[in-house]
Amino acid sequence: MNTPIDLSVVICAYTEARWADLVAAVDSLRRQARPPREVIVVIDHNPALLARARAGLPGTCVIENREQPGLSGARNSGIAAAAGAIVAFLDDDAAALPDWTAQLLAGYADPQVVGVGGAIEPLWQTRRPGWFPPEFDWVVGCTYRGAPSATAPVRNLIGANMSFRRELFTAVGGFRSAIGRVGTHPVGCEETELCIRIRQRWPERILLHRPAARVLHRVPAARGRWRYFRARCYGEGISKALVRQFVGARDGLSSERAYTLRTLPRGAVRGLADTLRGDLRGLLRAGAIVAGLAITSAGFVRGTLAQTRLEPQARRPRTMGV
């Protein structure tokens, strides 16, 4: 694999309610020190938003999702339209720092690297809830405490800030339509399953977490409430059960074991220690860690017992011709 010279960025959007965020995301790419070859905005089965984006985002390639509704289908549509050697993904409610593309591309200097992602910092629209533990920042789509703080290989990248060599999708296929977010339904893990599939195909290849490639992810007030936390944890458990079904328990749960056995106990102890130092919210954070783990585990058990019967085409990743 040759060192890439250009990069396409794909942004997927589904609702006009986040129009201002979408405009901000596109504007952040226009301010890049190393401009991307193209910005592709994929509209997920929303004709009104499609017309608005085509009129209101000049200089941007705006297309519609040609696959099933949902984030996986929208991303696959973006991959099919991309021309860059690298395909990067940015959420429609995230903004990239000016050196984002340059930092991603720098990670591909090593030909063994097939994917690069970066840090996702929460941009809370209200004050961060005192009970919300940093170990669970993945609930709001951000980098969580316990993730590598320096450049390092990882099992999987996070969807709001990730990139891959475009040629990979020809070999392993795209994102599975049977996994992933559809609208506001709080499930995910489609990027986790894809990354594991890549590593199973090429164990010697590297997926690189590069914290210097930073984006800011907007977190509305609703996502800082217990109701969303609970639903997202439960959905994550169901999603992890699906991932395990596709890629096997050993690879599908390898990072989760370390997270459960090391990161979460340390976080709970840290919360209790903060309480002893006078921060009573520390006890709430410790409790949220215990509750979050229990709820996620319940979702995983529910997803496992359900033994979802998927259609044969849903079991196979879509073949990508790029």
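1. Salt bridges. The count comes to 24 salt bridges, a salt bridge being a side-chain nitrogen of Lys or Arg within 4 Å of a carboxyl oxygen of Asp or Glu. This is a predicted model, where local features need pLDDT of at least 70, side-chain atom pairs count only at pLDDT 80 or more, and totals for chains, interfaces and linings use all residues. Residues are numbered from 1 along each chain as its sequence is written, and side-chain values use heavy atoms, with hydrogens and water left out.

2. D6 and R37. These two form a salt bridge, with the closest N and O atoms 2.6 Å apart. D6 lies in the segment before β1 (7–13) and R37 in the loop between α1 (19–30) and β2 (38–43), so the pair ties together parts that are 31 residues apart in sequence. Helices (H or I, at least four residues) and strands (E, at least two) are DSSP runs, numbered from the N terminus. D6 is buried, at 15% relative accessible area. Buried means under 20%, exposed over 50%, and partly exposed in between (1.4 Å probe, protein chains only).

3. E256 and K240. Their side chains meet in a salt bridge at 3.4 Å, N to O. E256 sits in helix α9 (residues 254–276) and K240 in helix α7 (residues 226–247), 16 residues apart. Both E256 and K240 are buried.

4. R285 and D279. The closest N and O atoms of this salt bridge are 2.9 Å apart. R285 counts as buried, at 14% relative accessibility. D279 counts as partly exposed, at 23%. As for networks, salt bridges that share partners join R155, R232, E236, K240 and E256 into one.

5. A222. This residue is in the loop between β11 (215–219) and α7. A222 counts as partly exposed, at 42% relative accessibility. From A222 to L207 is 15 residues in sequence and 32 Å in space, C-alpha to C-alpha.

6. Overall fold. The chain has eleven helices and eleven strands. Its radius of gyration is 19 Å, close to the 20 Å that the globule rule gives for 322 residues, so the chain is as compact as a globular protein of that length. The radius is taken over C-alpha atoms, and the rule is 2.2 Å times the number of residues to the power 0.38. The C-alpha atoms fill a box of roughly 55 × 40 × 40 Å along the principal axes.

7. Buried residues make up 54% of the 322 residues. Of the contacts (heavy atoms within 4.5 Å) with a separation of 6 or more, 77% come from residues 24 or more positions apart.
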